[in-house]
Amino acid sequence: MKSLACAVALLALPAAAVAQTPPRDVSIPSGGDALAARVLDGAGEGARPVIVLFNGFPAGPNIPRVATELQAAGYSVVLPQYRGTGASGGTISVAASREDGAAVVAWLKGQGLAGADPDRIGLLGVSYGGWVALQTAAGDPGVRCVAALVPADMGVIAARWSTDAEYRSAWKTDLDSFAVDPSAARFGPAGVDGFMAAAVDAADAHRLTRRAAELADRPVFVAGGRRDPAAPFADHYVPLVEALRAANAPFAALEFDGGHNPSEASAAARSFIERSCFGG
């Protein structure tokens with residue numbers, strides 16, 4: 001699991017060094033708790049299109065380089081922290097993170113974000129956040145586009161937990177290392193074992209391939225590394241791309257000869273957003 005978390009750091013820079021305007025903090029309701037989120041207001045006049053950026057697990061307050069680049073290009077960017085991580089309330093679960101993604105989009109459409117256009121919402125996710133972004137877009141046809149960099153399909157991962165004891169043990173070790181620091185992740189009374197058991201029980205429902213048909217009506221971008229140890233290419237990227245192709249989704253796919261490193265695809269993701277998400 002640490003390799004999934006590393007995906008955040010690989011894109012991150014200190015916010016003060018690159019932000020166009022200082023980030024501001026907002027609170028977003030989700031499942032009876034509050035998500036902590038940071039907002040980068042897009043440069044330019046008028047209502048700005050919004051990109052929700054879902055970081056890897058656990059999602060702390062880091063602001064990735066791609067967020068500030070999107071801000072400079074005129075997009076407002078919202079970076080939520082999942083329930084049970086960072087400054088957000090509640091406890092973490094795979095199902096809760098799906099709900100968190102939907103809650104952020106609902107908040108943007110309902111309350112709205114000052115200076116942002118609630119009718120122009122796109123999603124960008126990295127690693128665990130790539131899975132959240134794709135799940136969120138599949139569940140809400142109002143999302144205009146979605147880009148996922150090295151998405152870690154939690155349905156695939158949880159299914160393997162149920163059949164591969166060594167794999168499950170390695171993940172539990174990493175998750176336990178997060179659990180000892182409440183500022184990183186909080187797993188609730190059932191702990192890491194409960195988190196993993198709940199994910200296993202719903203593994204099939206969490207598979208991204210099941211949602212491909214719901215993504216067939218808007219632009220999708222997926223990038224994967226052929227040597228990715230955290231979200232192996234043949235198990236995560238290939239089945240998703242095949243499912244999107246079978247659904248006739250208007251998707252773009254990027255394969256790169258690297259590992260679990262979203263930096264190798266961030267420029268392509270920005271280009272996709274600027275070219276495909278909101279029209280002229």
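Are Tyr167 and Trp171 buried or exposed? Both are buried, and here are some notes to go with that answer.

1. **Ground rules.** What you have here is a predicted model, in which local features need pLDDT of at least 70, side-chain atom pairs count only at pLDDT 80 or more, and totals for chains, interfaces and linings use all residues. Residue numbers start from 1 along each chain as its sequence is written, and side-chain values use heavy atoms, with hydrogens and water left out.

2. **Tyr167 and Trp171.** Let's stay with this pair. Both residues are buried, where buried means under 20% relative accessible area, exposed over 50%, and partly exposed in between (1.4 Å probe, protein chains only). They sit four residues apart in helix α7 (residues 165-179), so about one helical turn separates them. Helices (H or I, at least four residues) and strands (E, at least two) are DSSP runs, numbered from the N terminus.

3. **Ring pairs.** A pair of aromatic rings is described by the distance of the centres and the angle of the planes. Rings of Phe, Tyr and Trp (its six-membered ring) pair if their centres lie within 6.5 Å; planes under 30 degrees apart count as stacked, over 60 as edge-to-face and the rest as tilted. By this rule there are 13 aromatic pairs. In one of them, the ring centres of Tyr128 and Trp131 are 5.8 Å apart with the planes at 40°, so the pair is tilted. Tyr167 and Trp171 also form a tilted pair, at 6.1 Å centre to centre and 55° between the planes.

4. **More on Tyr128 and Trp131.** These two residues are both in helix α5, three residues apart, about one turn of the helix.

5. **The nonpolar cores.** A nonpolar core is a set of buried Ala, Val, Leu, Ile, Met, Phe, Trp, Tyr and Cys residues joined through side-chain atoms within 4.5 Å. The largest one has 62 residues, and those touching the most other members are Val78, Leu108, Leu123, Tyr128 and Trp161. Helix α5 (residues 128-139) gives the most to this core, with seven residues. There is also a second, separate core of 25 residues, which includes Tyr75, Leu124, Phe221 and Phe256.

6. **Around Trp161.** Which residues does Trp161 contact, leaving aside its neighbours within four places in sequence? They are Met154, Tyr167, Arg168, Trp171, Phe195, Met196, Ala199 and Val200; contact means heavy atoms within 4.5 Å.

7. **The cavity.** The structure holds one cavity of 30 Å³ or more. On a 1 Å grid over the protein atoms alone, a cavity is a set of points where a 1.4 Å probe fits but cannot get out, and lining residues have an atom within 4 Å of a point. The volume of the largest cavity is about 40 Å³, a volume being the space filled by probe spheres set on the points, with grid points joined across faces, edges and corners. Its lining is made up of Val150, Pro151, Gly224, Gly225, Asp228, Ala231, Phe233, His236 and Tyr237. By class, that lining has five nonpolar, three polar and one charged residues. Here Ala, Val, Leu, Ile, Met, Phe, Trp, Tyr, Cys and Pro count as nonpolar, Asp, Glu, Lys and Arg as charged, and the others, Gly among them, as polar.

8. **Backbone points to look at.** Val150, one of the cavity-lining residues, has a positive phi near 40° although it is a residue other than glycine. Val150 lies in the loop between β6 (145-149) and α6 (154-161), and counts as buried at 2% relative accessibility. Ser127 has a positive phi too, about 60°, and is not a glycine. Ser127 is in the loop between β5 (116-126) and α5, and counts as buried at 0% relative accessibility. Elsewhere, a cis peptide bond joins Phe57 and Pro58, with omega about -10°. Pro58 is placed in the loop between β3 and α3 (65-72).

9. Pro49 belongs to strand β3 (residues 48-54) and is buried, with a relative accessible area of 7%. Leaving aside neighbours within four places in sequence, Pro49 is in contact with Gly74, Tyr75, Ser76, Arg120 and Phe278. Ala96 is in helix α4 (residues 94-110) and counts as buried at 7% relative accessibility. Not counting residues up to four places away in sequence, Ala96 touches Arg83 and Thr91.

How values were computed: On a 1 Å grid over the protein atoms alone, a cavity is a set of points where a 1.4 Å probe fits but cannot get out, and a pocket is an open set with protein on both sides within 12 Å along at least five of seven lines; lining residues have an atom within 4 Å of a point.
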